[in-house]
Amino acid sequence: MSEPEPEPGSEPARPFSIRRDGDDNAAGDGARAPDASGSDAETVPDRLPDDALVDVRSEQEAVHTQEVLDRLDRELVGLVPVKSRIREIGDLLLVDRLRERFGIESSRPTLHMSFTGSPGTGKTTVALRMAELLHRLGYLAKGHMVSVTRDDLVGQYIGHTAPKTKEVLKRAMGGVLFVDEAYYLYRQENERDYGQETIEILLQVMENQREDLVVILAGYKDRMDEFFQSNPGMSSRIAHHIHFPDYTRDELVQVAGLMLAQQHYELSSEAETAFEDYLERRMRQPRFANARSVRNALERARLRQAARIVAEARTDLGKADLMQIEAADILRSRVFDDDSATCTGEPPQETIDEGA
């Protein structure tokens with residue numbers, strides 16, 4: 001199937017139907033792709049008589065939405081407001097699914113979203129789970145996610161942007177298109193910037209093909225606010241604005257614990273104290289990136305642990321020694337060597353290496 005060419009403008013709201021097996025999807029694959037569990041997303045049973053009764057809990061179990069939400073809880077520490085909003089969206093779509101079983105017609109809810117917050121606060125992970133949730137409920141044919149930035153959408157010369165943007169949209173059809181740092185699409189200071197062409201194409205698709213694609217725009221909150229002010233058409237198509245707060249120090253300690261457990265490492269009691277001190281210092285320095293900075297710090301601690309083990313050349317090394325990170329592996333960080341960086345505003349070399 002060739003790529004759909006949406007017409008400019010909007011279309012009136014119309015009754016929607018949750019996807020069923022055999023429905024063609026916008027990407028032209030013909031059949032719905034299996035979800036992460038290896039089975040097709042649940043389809044809506046035949047219409048119920050008006051006097052029928054349904055079990056809400058059983059309906060929820062039938063589409064396995066609770067599994068997705070529980071997985072989100074396991075993957076991400078904190079973020080209670082974010083998780084609550086995702087659950088509310090899931091509840092709305094489940095109720096719409098029940099309404100359709102009784103033949104109650106309503107327009108399809110708008111599902112395009114904006115995720116705002118600092119780097120490393122879980123925006124990409126939540127977008128992945130949202131794609132899975134929408135697929136399980138029958139709102140997306142595939143439930144995959146395509147993550148892009150300006151470079152993936154905007155061309156370098158006349159005639160390059162439209163085919164580049166449309167190719168990305170073609171890959172994303174049936175799933176979620178996640179546009180990170182979306183404000184870079186629009187450069188107000190450059191009237192001839194090709195990003196405006198991408199925005200216009202996105203606006204058309206978000207309106208005319210909203211049954212086939214969910215768009216999530218992400219970035220820093222202040223810059224996203226400016227982006228929406230400069231592009232009111234885009235703002236009007238976003239139904240859910242979800243802010244991801246920065247993690248607290250205690251939450252970051254929990255994040256570190258999850259990351260270490262996944263890699264079969266653990267901190268000694270002295271290392272735990274040292275890591276808390278590390279976080280206190282690092283969080284005050286420029287370009288701190290929440291969970292991303294924690295991951296990078298732990299990767300460097302692993303390097304130091306390995307170097308220490310090899311240098312010690314012990315003859316009685318055991319399994320526990322290979323799994324344990326000591327305080328020395330944390331305290332060798334340059335964050336402890338350069339306290340003046342906090343005062344001068346100039347980060348130590350380690351924060352530059354971190355890529356935050």
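This is a predicted model: local features need pLDDT of at least 70, side-chain atom pairs count only at pLDDT 80 or more; totals for chains, interfaces and linings use all residues.
Colleague: What is the chain made of, by helices and strands?
Modeller: There are 16 helices and 7 strands in the chain. Of its 356 residues, 47% are buried. Among contacts between residues at least 6 apart in sequence, 77% join residues at least 24 apart.

Colleague: Why is Ser114 called buried?
Modeller: The relative accessible area of Ser114 is 1%, and buried means under 20%, so Ser114 is buried. Ser114 lies in strand β1, residues 113-117.

Colleague: Which residues does Ser114 touch, leaving out those up to four places away in sequence?
Modeller: Ser114 touches Leu217, Met224, Phe228, Ile238, His240, His241 and Ile242.

Colleague: Why does Arg210 count as buried?
Modeller: Its relative accessibility is 17%. The cut-off for buried is under 20%, and therefore Arg210 counts as buried. Arg210 sits in the loop between α7 (195-208) and β4 (214-219).

Colleague: What lies 2.4 Å from a polar atom of the Arg210 side chain?
Modeller: That is the backbone oxygen of Glu207. A polar contact requires a pair of N or O atoms within 3.5 Å.

Colleague: Why is Asp250 called partly exposed?
Modeller: Asp250 has a relative accessible area of 47%. Partly exposed covers the values between buried, under 20%, and exposed, over 50%, so Asp250 is partly exposed. Asp250 belongs to helix α10, residues 249-262.

Colleague: With which side chain does the side chain of Asp250 make a polar contact?
Modeller: With the side chain of Arg249, at 3.1 Å. As for Leu279, that residue is 29 residues from Asp250 along the chain, and the C-alpha atoms of the two are separated by 9.4 Å.

Colleague: What makes α6 oblique to α7?
Modeller: Helix α6 (residues 161-172) and α7 pack at an angle of about 40°, and their axes are 9 Å apart. Roughly parallel needs an angle under 35 degrees, and roughly perpendicular runs from 65 to 115, so α6 is oblique to α7. Their crossing is right-handed.

Colleague: Which residues of α6 and α7 meet?
Modeller: From α6 they are Thr161, Ala162, Thr165, Lys166 and Leu169, and from α7 they are Glu197, Thr198, Ile201, Leu202 and Val205. By class, this contact has 5 nonpolar, 3 polar and 2 charged residues.

Colleague: Why is α1 called roughly perpendicular to α3?
Modeller: Helix α1 (residues 56-63) packs against helix α3 (residues 80-101) at an angle of about 105°, with the axes 11 Å apart. Roughly perpendicular covers 65 to 115 degrees, so α1 is roughly perpendicular to α3. Val56, Glu59, Gln60 and Val63 of α1 make the contact with Leu94, Arg97, Leu98 and Arg101 of α3. By class, the contact of α1 with α3 has 4 nonpolar, 1 polar and 3 charged residues.

Colleague: What is the phi of Leu79, and where is Leu79?
Modeller: Phi of Leu79 is near 55°, a positive value in a residue other than glycine. Leu79 is in the loop between α2 (65-75) and α3.

Colleague: Does Glu181 count as buried or partly exposed, and why?
Modeller: Glu181 has 30% relative accessibility. That value belongs between the limits of under 20% and over 50%, so Glu181 counts as partly exposed. Glu181 is in the loop between β3 (176-180) and α7, and has a positive phi of about 50° although it is not a glycine.

Definitions and conventions: Residues are numbered from 1 along each chain as its sequence is written. Side-chain values use heavy atoms; hydrogens and water are left out. Helices (H or I, at least four residues) and strands (E, at least two) are DSSP runs, numbered from the N terminus. Buried means under 20% relative accessible area, exposed over 50%, partly exposed in between (1.4 Å probe, protein chains only). A polar contact is a pair of N or O atoms within 3.5 Å; within protein, one must be able to donate a hydrogen and the other to accept it, and residues adjacent in sequence count only if both atoms are side-chain atoms. Axes are lines fitted to C-alpha atoms, for helices over the stretch in contact, and angles run from 0 to 180 degrees between N-to-C directions. Angles under 35 degrees count as roughly parallel, over 145 as roughly antiparallel, 65 to 115 as roughly perpendicular and the rest as oblique. A crossing is left-handed if the near helix is turned anticlockwise from the far one by less than a right angle, and right-handed if clockwise. Contact means heavy atoms within 4.5 Å. Ala, Val, Leu, Ile, Met, Phe, Trp, Tyr, Cys and Pro count as nonpolar, Asp, Glu, Lys and Arg as charged, and the others, Gly among them, as polar.
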